[in-house]
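This briefing goes through selected features of the structure shown below, grouped by topic.

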Amino acid sequence: MSALIWLIPLIPLLGFIINGLTRNSVPKIVSGIVGSLAVLASFVLSTLAYLEVSAARDAGSVASFTVHVFDWFSVGSLRIALSFLLDPLSAIMLLIITGVGFLIHLYSCAYMAHDEGFGKFFAYLNLFIFFMTILVLGSNYLVMFIGWEGVGLCSYLLIGFWFKNSSYASAAKKAFIMNRIGDLGFLLALFFILEAFGSLEYAEVFAAASGMSVGAPVIVIITLLLFVAATGKSAQIPLFTWLPDAMAGPTPVSALIHAATMVTAGVYLVVRSNVLFLLAPLSMEIMAVVGVVTAFVAAFIALTQNDIKKVLAYSTVSQLGYMFLGLGVGAFTGAFFHVLTHAFFKALLFLGAGSVIHAVQDEQDMRKMGGLRKALPITFTTMLIGTIAISGIPPFAGFFSKDEILAHTFQHQPVFWVIGLITALFTAFYMFRLLFLTFFGKFRGTAEQQSHVHESPWLMTVPLIILAILSVVGGFINVPEALGGHHALQAFLAPVLEMGEVNHTVLELSHMAEYVLMGVSVLGALMMAVFAYTKYAKNVDVADDKKQESLLYRLSYSKLYVDELYATVIVRPLGKLSVFFFKYVDKMGIDGFVNGVGDFFIGSGKGIRQLQSGHVGFYIMMMVISVVAILLYGIFHS
Amino acid sequence: MENFLTQIQGVPLNHYIIFCSIIFAIGVTGVLIRRNVIIIMMSIELMLNSVNLLLAAFSAYRGDASGQVFVFFIMALAAAEVAVGLAIIVMVYRHTKSVDIESLSKLRW
């Protein structure tokens with residue numbers, strides 16, 4: 001199987017080509033089937049690949065297969081190959097991408113059924129799966145960079161999918177530009193890696209890095225640059241504001257790209273480079289701080305948002321912050337575990353939100369929803385499961401991954417743990433607020449919307465149900481020892497995570513301490529759920545929110561004015577600078593010079609052409625005078 | 001032939017040069033001051049022929065026949081030039097009913 005690994009990205013690429021070329025000439029159902037089948041085929045291959053890796057792990061080997069497809073280019077002693085690496089880490093990522101991806105393709109068949117850009121949509125989705133699988137499969141940083149740039153492109157295309165709406169188009173541009181800032185970090189990191197290790201292959205880089213001392217400056221620089229790349233792609237402070245705006249895209253896109261897969265690429269990058277990061281404690285510490293601050297800030301903003309997708313978007317930023325907190329404190333397995341469970345429950349929540357939006361005719365404001373529990377039973381049940389999972393209530397998936405991160409954080413730095421815990425409480429509150437506002441109380445929309453409310457077709461509910469099941473059981477793959485498990489995921493990932501000389505942080509807390517930590521966070525989450533119930537489940541007067549406008553409420557509601565801050569500090573000065581350059585440097589300087597040259601020749605031509613008077617006598621006179629002059633010159637000069 | 005050469009060499013070379021210069025100057029002056037195109041053509045012929053004469057004289061003095069060969073070429077060329085020039089003059093006359101050189105002063109930018 002591992003020899004055929006290149007088929008996993010190739011099939012979605014074929015799907016993209018077919019869908020892209022035939023998007024206007026075949027019926028929608030054909031586009032949908034082609035797109036979905038391509039991803040399904042990839043999923044089947046990924047499953048086979050996973051089984052092979054799993055079998056190899058059970059047999060006790062490191063289960064790392066490198067497939068060399070071809071030499072891409074070679075310059076001097078540098079040889080860059082297009083080669084794929086199948087190991088436990090990439091195998092699980094592949095399962096997430098193609099598995100969740102396939103469900104979302106199915107869902108999109110129904111969700112996008114009335115959209116005129118249906119074929120284009122599936123072409124883009126397939127292209128995204130292609131780049132994302134390239135990203136996780138690459139066996140060197142350059143191949144990963146191809147995928148990294150490619151998913152950014154697809155993200156741009158899909159956020160701006162309804163590009164006729166100019167605010168959507170500018171959201172797409174915003175995402176693209178902010179990602180580009182991060183990508184610059186990646187590119188610089190590539191150069192530094194090349195300079196320091198002479199290779200971009202993971203195996204060679206990590207082998208060479210193992211010999212270096214902890215805290216070597218070059219490693220710190222590389223890891224910081226890689227982290228900059230991760231902040232861009234994974235929406236961390238200071239580059240997080242694009243993700244909430246990215247909700248301009250169709251909801252399945254938000255679920256696939258901006259919740260489950262692409263935004264976790266940053267986490268994947270750090271986990272993949274764990275050997276380097278462990279050698280740079282400074283970078284780890286920065287990562288932990290950025291992660292915990294992002295988690296807290298995003299959760300704080302999510303508390304008061306009224307757009308159902310915005311809540312989920314900030315929630316995604318917050319959960320990504322958790323992952324980076326986990327990475328920063330050395331809980332690589334925990335962070336990756338959270339990637340996995342988050343992919344399930346956040347995709348579920350987004351798809352559920354899509355189902356709700358679909359039912360109430362593209363209304364996204366939760367203040368105009370309410371009471372949808374009866375009309376959308378499947379959506380309600382699955383979203384309830386997703387909400388419980390993200391809130392960290394056992395035995396649902398989010399509990400295990402979040403608590404693993406929090407336990408590691410507590411061991412590393414209790415202050416971070418406190419912030420993390422508060423964030424977890426916020427999370428429980430805003431998620432239950434979303435749930436209660438949407439599904440409880442009375443319907444607050446228009447009568448026309450109410451008459452159209454209906455459960456979504458099976459193509460949309462089946463993915464919801466599957467994701468709900470995964471959100472329930474997903475946590476059991478890495479049950480901590482304190483709860484009688486044996487860290488199956490950690491054991492599975494061990495060859496990827498224990499390559500370096502420096503030991504990974506091992507959880508040294510006693511089981512008793514772990515029980516206390518879990519108890520605190522679970523109790524807190526439950527209390528928040530109850531609090532949200534009392535506040536929002538009854539017939540809430542939505543205008544209430546306005547009356548109790550405290551300072552904190554306004555700060556949260558206006559997203560801490562981060563966008564305004566960026567506009568004032570960066571965007572507007574840059575705009576003014578551009579205008580200056582346009583007016584004075586380009587228009588006056590460069591254009592002035594170029595046009596001046598032209599004007600000079602036109603003007604001198606105008607003057608000189610007066611000599612061509614049409615009087616033949618004058619010409620002959622000039623000729624004679626010239627001949628005489630030349631003669632005289634010849635005589636006297638020689 | 002010998003007789004012919006001595007005949008030519010009987011006149012000092014300087015005389016030829018002065019004479020030809022005078023004829024050439026008359027030709028140039030004619031081109032510059034006359035306005036009738038036909039007379040201008042004649043003045044051009046005058047200049048050409050002064051050069052011819054000078055070439056023949058030099059050729060005889062140096063005993064080198066190539067100068068006279070040039071003369072034949074110039075005569076052939078002058079004939080062709082007159083043929084084309086007169087044709088142009090005829091066409092100009094048909095258009096403007098005039099052989100005044102100024103009648104062509106519209107030929108400019």
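Helices (H or I, at least four residues) and strands (E, at least two) are DSSP runs, numbered from the N terminus. The model is predicted: local features need pLDDT of at least 70, side-chain atom pairs count only at pLDDT 80 or more, and totals for chains, interfaces and linings use all residues. Residues are numbered from 1 along each chain as its sequence is written, while chains are lettered from A and ligands numbered from 1 in the order in which they are written.

**Annotated segment of chain A**
- Over residues 72-122 of chain A, 57% of the chain is helix and 25% is strand, with 29 Å between the end C-alpha atoms.
- An unreviewed UniProt entry annotates residues 72-122 of chain A as "domain: NADH-Ubiquinone oxidoreductase (complex I) chain 5 N-terminal"; such annotations may be inferred rather than shown by experiment.

**Domains of chain A**
- Chain A is assigned domain 1 (1-139), domain 2 (140-557) and domain 3 (564-637), with bounds from an automatic or database domain assignment.
- The centres of domain 1 and domain 2 of chain A, taken over C-alpha atoms, are 23 Å apart.
- Their contact (C-beta atoms, placed from the backbone, within 7 Å) takes 37 residues from domain 1 of chain A and 47 residues from domain 2 of chain A.
- On the domain 1 side, β2 (78-86), α3 and α4 of chain A each supply at least two residues, and α3(A) gives the most, with 16 residues.
- That side of domain 1 of chain A divides into 29 nonpolar, six polar and two charged residues; Ala, Val, Leu, Ile, Met, Phe, Trp, Tyr, Cys and Pro count as nonpolar, Asp, Glu, Lys and Arg as charged, and the others, Gly among them, as polar.

**Burial in chain A**
- Helix α10 (residues 251-260) of chain A is mostly covered, with ten of its ten residues buried (20 or more other C-beta atoms within 10 Å of the residue's own; 12 or fewer is exposed, and in between is partly exposed).
- The cover of α10(A) includes α3 (88-111), α4 (118-137) and α14 (308-328) of chain A.
- A:Q413 sits in the loop between α17 (397-412) and α18 (414-439) of chain A.
- A:Q413 is partly exposed because 19 other C-beta atoms lie within 10 Å.

**Helix pair in chain B**
- The axes of α3 (residues 37-62) and α4 (residues 66-96) of chain B come within 9 Å and cross at roughly 175°; axes are lines fitted to C-alpha atoms over the stretch in contact, and angles run from 0 to 180 degrees between N-to-C directions.
- α3(B) and α4(B) are therefore roughly antiparallel to each other (over 145 degrees; under 35 is roughly parallel, 65 to 115 roughly perpendicular and the rest oblique).
- By class, 15 nonpolar, five polar and one charged residues make up the contact of α3(B) with α4(B).

Note on methods
Two residues are in contact if their C-beta atoms, placed from the backbone, lie within 7 Å.
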